[in-house]
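Good morning, and thank you for coming.

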Amino acid sequence: MTRGLYPGPVLLLLLLLLCLLHGSEETCPSMCLCVSDTVSCSSTGLSKLPLSLPSFSVTLDVSHNQISWLGPGSFNKMPRLENLRMAHNQLSSLGHGVFQNASGLRLLDLSSNKLQVVEQHYFQGLWRLEELLLFNNKIAQVEAGTLTGLSSLKKAYFSLNQITHFPFFSIQDHSHPFLTMLDLSSNRMTRLQWEDVKALPGLVQRGLYLHNNSLICDCSMYSVFWHWDLRGYDSMKDFADEHTCSIFGDPRASIRFLQHNRFFHNCTVEKPVSQPVTVLLSNVLVSEGERVRLDCQTSLSSTDLSFTWLSPSKGYITQTSINDTLISLFANGTLEIQAAKVNDSGLYVCTALDIKQALNATREVNVTVLLPAGESFNTGYTTLLGCAVTMIFILIYLYMTPCRCSCCKQPKPPVIPIATYDPSTLTSVFSPSVRDQHKIQVNKHVAFMEPMLSEEGAEWTPES
């Protein structure tokens, strides 16, 4: 009867352990490697995400797998997730709500998948996203609202796809103030809305890559690229040989228009491109502590403009964001620095925005702050002084050196008196003739002993 009582408690204990193991959300999947705040499930043959992933994960790497589908809320149990790497999988589309409750994402890598259309709902809610990698897919279309809401976006890579059109008009200075890299190289774009391209914020134009496309040669295209090449944009310098266009749309008649521009001799470069007032690149040299005023003169003539400065040390500066008493931004766009410092040196970019006409223009000023120069020396005076001092030392050496000739009498060395012993001069202390002298030298007794060397010179012998 007592034996029948044991299975009950043992069974309850086993069920309790199973429940605890099943309910643990912090367990690292067996096929993954969990280190600190990083979970790596790369190259493990996954066809779908693991059911349970640690909620403390900041970085999740599931690249080089066979994942082809992501369900709604796939990452809603990972509130700290910031970096998601899903490159080299089989994703062809993303459903609604995939990144629900994953607004902390800063890096999203979906490169080398099979995406064909980037729909506008894909990245909803990812307002903190800074880097988006979509290169090496099969993307042929990017919907107009795809990048809407990505206000923190800094870099977007769409290269190595099949894109024929891109919604440049959806990128505005106020909607994407931090976007500095837009890579659309190696696609299939033939004609672009060049007016929309020229209306892009200055920082986006500087980081826009369009090489290795199927562009058709025309004056509008050449005008834009000529402008960028004049300003020394990296996209033009680093990929000069890859900027080609086809004459009359014939791929076999392709030219490198930056090196061979004879085809465009009849093109009239627009004034906003060719006039120095628009390509405003200037250098300012000031000493430390001086007041600096940087104007924002652009080609826009409207009186209703808003201005934004990008400084190397303070970041973005607007009239509403200034919290430094040493910097002022006036209504006409002029930026004033009360006392310039060495760390204020660098490139200052001003963007003037006309919201009514949806136009903007930029001005760049390269500021160099120099340390105060020290007192200058009179080179002629110091040279003359040095020569005079040298002559004085030479004369001292020639005429005031000690005389070493034979005619000069050398001073005799001082004679040190040597006491000698003469027995005849000594009298006995008992002699009456020296009694008076003996009285003077009271309590003083002097004894003289003259040591004598023996013939061998080895011992001291007293004289008898």
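**A cluster of aromatic rings**

Trp194, Tyr222, Phe225, Trp228, Tyr233, Phe257 and Phe264 are linked into a cluster by ring pairs. Please bear in mind that what we are viewing is a predicted model. In total, the structure holds 12 aromatic pairs. Let us take two of them in turn.

In one, Tyr222 and Phe264 are stacked, with 4.4 Å from centre to centre and 5 degrees between the planes. Where do the two partners, Tyr222 and Phe264, lie? Tyr222 belongs to helix 4, while Phe264 sits in the loop between strand 13 (254-255) and helix 6 (271-274); the two are 42 residues apart, and the pair links distant parts of the chain. Are Tyr222 and Phe264 buried or exposed? Both Tyr222 and Phe264 are buried.

Now consider Phe225 and Phe257. Why is this pair of Phe225 and Phe257 called tilted? The ring centres of Phe225 and Phe257 are 5.1 Å apart and their planes meet at 45 degrees, so the pair counts as tilted; stacked would require planes under 30 degrees apart, and edge-to-face over 60. Because Phe225 lies in helix 4 and Phe257 in the loop between strand 13 and helix 6, this pair ties together parts that are 32 residues apart in sequence. Phe225 has a relative accessibility of 1%, and therefore counts as buried, the cut-off being under 20%. Phe257 is likewise at 1% relative accessibility, so Phe257 counts as buried.

Leaving aside residues up to four places away in sequence, Leu182 touches Ala156, Phe158, Phe166, Phe168, Ile171, Val204, Gly207, Leu208 and Tyr209.

Nine strands form an open sheet with mixed pairing, in the order 1-2-3-4-5-7-9-10-11. Its edge strands, each pairing on one side only, are strand 1 (33-35) and strand 11 (208-209). Strand 10, residues 181-183, runs parallel to strand 11 and is joined to it by two bridges. Asp183 has Tyr209 in strand 11 as its bridge partner.

With strand 20 (residues 346-354), strand 16 pairs in the antiparallel sense over five bridges, and Phe307 has Ala352 in strand 20 as its bridge partner. With strand 17 (residues 315-317), strand 16 also runs antiparallel, joined by three bridges. A hairpin of three residues connects strand 16 to strand 17.

**The whole protein**

To close, here is the overall picture. The protein contains eight helices and 23 strands. Of its 464 residues, 36% are buried. Among contacts with a separation of 6 or more, 57% are between residues 24 or more positions apart. The protein exposes about 29300 Å², and carbon and sulfur atoms supply 57% of that area.

Conventions. Residues numbered from 1 in each chain as written. Predicted model: local features only at pLDDT ≥ 70, side-chain atom pairs only at ≥ 80, totals over all residues. Heavy atoms only, no water. Contact = heavy atoms within 4.5 Å. Pairing = 2+ DSSP bridges. Helix = DSSP H or I, 4+ residues; strand = E, 2+ residues; numbered from the N terminus. Phe/Tyr/Trp six-rings, centres within 6.5 Å; stacked < 30°, edge-to-face > 60°. Buried < 20%, exposed > 50% of the residue type's maximum accessible area, 1.4 Å probe, protein only. Areas by Shrake-Rupley, 256 points an atom, 1.4 Å probe, with all protein chains shown as cover.
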